[in-house]
Amino acid sequence: MMADSMESGRTPQQADKPRDWAGALGSNPAPTADPAEAGFMGAALYEKGKTIHNKRIDGPFRRFKWLVMLVTLAIYYITPWIRWDRGPYAPDQAVLIDLAHRRFYMFDIEIWPHEFYFVAGMLIMAGIGLFLVTSAVGRAWCGYACPQTVWTDVFQHVDRFFDGDRNARMRLDKAPWTASKIARRSAKWAVYLAIAFWTGGAWIMYFADAPTLTVDFWTGEAAPVAYATVAILTGTTFWLGGFMREQVCIYMCPWPRIQTAMLDEKSLIVTYKDWRGEQRGSLKKAAKNPEAYGDCIDCLQCVAVCPTGVDIREGQQIGCITCGLCIDACDKVMAEVGRPRGLIDYATLDQCEAESAGAPATPAWKALLRPRVFIYFGVWAAIGAGLLFMLGTRTHTDLTVSPDRNPPFMLLKDGSVRNAYTLRLRNMEARPRDMEVALVGLPSGAVMWTESVSMENAAPVQVIDVNANETKIVRAYVLLPEGASADAFTFRLTSLDEQRETDLAETTFAMPGNE
Amino acid sequence: MSDKIGVNKRIDAPTGTETVGHEWDGIEELNTPLPRWWLWTFYACIAWAAVYVVLYPAWPLIDKATAGTLGWSSRGDLAKEMSAADMARQGMVERIAVTDIEKLPASPEMMQAAVAGGAAAFKINCVQCHGAGAAGSPGYPNLNDDDWIWGGTLTEIEYTLNHGIRWTADDATRVNYMPAFEGMFQPAQVKALTGHVLSLSGKAKPNAAGAQMFSENCAACHGAAGEGQPEMGAPALNDAIWLFGGTEAEVTQQILKPRHGVMPAWKDRLDPVTIKMLAAYVHSRGGGQKAAPAQPETDVAGDVASTAKAENDG
């Protein structure tokens with residue numbers, strides 16, 4: 001009963017043909033004939049999925065899509081294999097997220113956990129970058145660079161390779177499950193799985209030395225988390241890229257929803273110029289009555305090539321990722337029937353309005369020249385410049401100090417007061433260094449010692465050796481003789497090499513009365 | 001199924017979508033069914049939950065929950081992790097067990113492990129009196145400073161931990177009692193004595209009467225200059241540290257009606273390695289003393305118990 005009603009859902013939006021607006025107005029829809037087909041209160045419980053068999057197309061936008069796909073996939077698969085010599089104390093992988101040692105390597109840049117603001121800054125830049133791209137070229141991210149789009153494209157080409165183009169694939173879908181169909185499907189899904197596995201496998205290479213991890217992976221010696229990650233990413237790639245495809249964009253992804261709030265009449269979108277296209281009709285009809293028909297010959301090529309299966313002639317919609325394939329398709333048809341290109345084209349709604357009122361077509365690139373683009377670019381570039389400045393001027397020496405809070409101070413037998421501190425000395429160079437820690441701003445007589453230097457050797461300055469690429473945690477005691485008093489002072493760290501980098505860390509000195 | 005509702009279904013013109021057919025005060029709902037995979041995800045969750053309820057603890061009953069066929073429990077997980085951690089520590093624990101406590105600092109690796117283990121044990125067993133930072137409070141000694149009533153070497157600290165202080169259940173406990181001088185002196189004499197005690201650390205002017213009383217009544221335990229005798233647990237009176245407070249009133253009170261702290265013996269409650277680790281931790285707090293060569297420790301407590309008449313602290 002349940003299964004019956006599930007299988008026979010009403011699917012009003014699945015027709016390839018655009019909705020008949022005039023017909024819909026005031027017409028009485030046919031009620032569901034068989035009560036058994038109806039779900040709860042007569043409404044279908046779900047909408048049956050429809051596989052999109054998009055047709056092969058060639059054109060400038062398709063070729064651009066190929067290029068973006070090639071570049072993004074190349075970056076994704078090749079990056080972890082680039083080597084970068086950092087000397088004996090650091091890994092030689094150009095891009096490496098070393099979670100175990102809390103280091104992030106990116107070519108000549110090495111980010112430590114306490115510099116995570118660089119990563120935060122880059123994430124903010126990525127976020128603002130999306131705003132920038134949206135305000136400049138609309139949903140270009142969705143159409144070209146989004147991983148979901150790229151992998152969907154890859155999988156659709158696999159479909160085409162095994163099952164032929166649109167019509168052949170539609171026929172095969174409807175065909176009964178013969179031995180040859182099963183064989184074809186198995187082969188295709190095997191390739192899906194191989195691509196998915198390769199996707200997951202490439203991901204883990206960013207988190208460990210790629211050549212070593214590859215050997216470990218196949219000899220069963222890699223970390224369990226590596227296998228789990230590959231398994232999960234293989235599964236999600238296989239499912240999301242092989243089967244869910246445009247459903248991810250339409251139902252799962254928050255970005256199209258955010259886009260609906262970010263696009264306005266000045267945003268570049270893919271749009272159908274209805275004032276030129278309508279009234280649409282076949283060439284035959286138009287030949288009989290040229291005055292009544294527009295340029296659209298209703299050939300549905302724009303729908304056939306669409307990777308998300310939308311009809312762009314219905315206007316802006318969430319399913320349109322603005323990949324421009326319908327532009328390629330329509331331009332090709334217009335060329336064949338001897339009409340000017342651009343019936344479907346990148347344009348803003350403002351440009352469309354002006355054009356429909358008789359103004360000459362505005363070049364699409366003019367949509368770029370809007371204040372919003374410059375403001376976003378300014379913010380984006382300012383953050384980038386700030387990060388670069390900080391990167392260029394940062395020292396490879398760092399000191400942080402945390403005073404003991406419990407007890408805040410210690411009164412000793414002779415009346416002197418001792419405070420204890422935890423010092424974190426960071427040597428961010430790929431070589432061991434001696435570092436000098438000095439007390440600045442304490443009255444004379446103040447001395448310090450550490451766990452490894454006994455109290456007898458207390459002095460105002462101590463030298464501590466720190467290994468290459470190491471954070472050394474040292475417990476230090478500072479003693480103020482009886483009668484002296486202080487409330488704040490500074491630890492000064494100096495690297496004892498030719499750089500003589502310094503870092504200061506202010507802290508407090510607690511005493512009876514000022515704890 | 002009410003067919004009446006379905007009758008009002010119509011196509012909404014602006015969206016081209018069918019309505020579900022019911023209406024409240026002019027508000028209608030568009031019928032936008034879920035995609036099938038979404039519904040399946042929902043069914044899959046139900047199936048997952050059904051399996052989960054069988055395999056894992058799930059249904060709350062009156063006094064417990066159903067156990068689940070896998071026998072999983074979070075306590076079981078914890079026990080497994082704890083025993084794995086114990087296994088990982090085993091080698092170091094054995095090394096510490098056979099190492100003489102005074103030799104621990106010679107191996108930074110062992111000392112570090114002992115201090116870390118001691119810090120953990122301290123948080124469970126010692127903070128109730130000595131405080132989370134081991135800084136103590138009036139009557140409870142501070143373990144961070146360099147003043148040790150019963151000695152601050154690793155061996156002495158370990159002994160104190162093993163046998164406690166004034167812990168009558170342990171025959172070898174460290175014990176001493178300072179007599180109460182209430183009623184033995186005139187108020188003026190008490191004032192003079194208190195003045196002398198305070199003068200030992202420079203907090204008051206010296207006075208001859210007080211000095212005379214001190215040498216007659218106090219110096220036997222506390223020493224002529226009030227330097228104390230850790231062997232019998234007699235606190236130094238010439239320093240800046242006062243267990244029960246260093247004001248005149250507090251010192252007077254301690255002379256007239258001395259208070260005596262008690263610390264339990266831990267040797268029957270904790271294993272020897274934990275006690276060794278605790279000693280290492282306390283010693284590492286900044287005031288630990290180095291052992292003088294040859295120190296006969298074990299006899300001291302017994303002697304003290306019978307002979308000492310020492311004040312607990314200044």
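This is a predicted model: local features need pLDDT of at least 70, side-chain atom pairs count only at pLDDT 80 or more; totals for chains, interfaces and linings use all residues.

1. Which residues of α8(A) are buried? They are Tyr192(A), Ala196(A), Thr199(A), Gly200(A) and Ile204(A). The cover over these residues includes α6 (147-163), α9 (210-218) and α10 (224-244) of chain A.

2. The largest nonpolar core has 41 residues, and Cys302(A), Cys326(A) and Ile344(A) touch the most other members. Two or more residues each come from α4 (117-137), α5 (140-145), α11 (246-252), β5 (269-272), α15 (301-304), α16 (325-336) and β6 (344-347) of chain A. The largest share, six residues, is that of α16(A). In soluble globular proteins, nonpolar side chains tend to be buried together.

3. Neighbours within four places in sequence aside, Ile344(A) is in contact with Val270(A), Tyr272(A), Cys302(A), Ile312(A), Cys326(A), Ile327(A) and Cys330(A). A second, separate core has 31 residues, among them Val437(A), Ile464(A), Val478(A) and Phe509(A).

4. Val437(A) also belongs to strand β10 (residues 433-440) of chain A, where the covered face consists of Arg433(A), Met435(A), Val437(A) and Leu439(A). The uncovered face carries Asp434(A), Glu436(A), Ala438(A) and Val440(A). In a regular strand the side chains alternate between the two faces of the sheet.

5. What is the strand order of the open sheet that contains β10(A)? The order is β12-β10-β14-β15 in chain A, with antiparallel pairing. The edge strands β12(A) and β15(A) (502-508) each pair on one side only. From one strand to the next, the twist averages 25 degrees.

6. Six antiparallel bridges link β10(A) to β12(A) (residues 461-466), and Val437(A) has Gln462(A) as its bridge partner there. Another six bridges, also antiparallel, join β10(A) to β14(A) (residues 488-495). In β14(A), Glu436(A) is partnered by Thr494(A), and Ala438(A) by Arg492(A).

7. Two cis peptide bonds deserve a look. One runs from Glu278(A) to Gln279(A), with omega near -5 degrees; Gln279(A) lies in the loop between α13 (274-277) and α14 (283-288) of chain A. Another runs from Asn406(A) to Pro407(A), with omega near -5 degrees, and Pro407(A) sits in the loop between β7 (397-403) and β8 (410-411) of chain A.

8. Positive phi values turn up at two residues other than glycine. Arg245(A), in the loop between α10 and α11 of chain A, has phi near 40 degrees. Thr322(A), in the loop between α15 and α16 of chain A, has a phi of about 50 degrees.

9. Are Arg245(A) and Thr322(A) buried or exposed? The cut-off for buried is 20 or more other C-beta atoms within 10 Å. Arg245(A) has 24 and is therefore buried; Thr322(A) has 26, so Thr322(A) is buried as well.

10. Chain B has 12 helices and four strands. Its radius of gyration is 35 Å, whereas a compact globule of 314 residues would have one near 20 Å. The C-alpha atoms of chain B fill a box of roughly 115 × 50 × 40 Å along the principal axes. Of its 314 residues, 34% count as buried.

Note on methods:
Residues are numbered from 1 along each chain as its sequence is written. Chains are lettered from A and ligands numbered from 1 in the order in which they are written. A nonpolar core is a set of buried Ala, Val, Leu, Ile, Met, Phe, Trp, Tyr and Cys residues joined through C-beta atoms within 7 Å. A residue is buried if 20 or more other C-beta atoms lie within 10 Å of its own, exposed if 12 or fewer, and partly exposed in between; C-beta atoms are placed from the backbone. Two residues are in contact if their C-beta atoms, placed from the backbone, lie within 7 Å. Two strands pair if DSSP finds at least two bridges between them. Axes are lines fitted to C-alpha atoms, for helices over the stretch in contact, and angles run from 0 to 180 degrees between N-to-C directions. The radius of gyration is taken over C-alpha atoms; the globule rule is 2.2 Å times the number of residues to the power 0.38.
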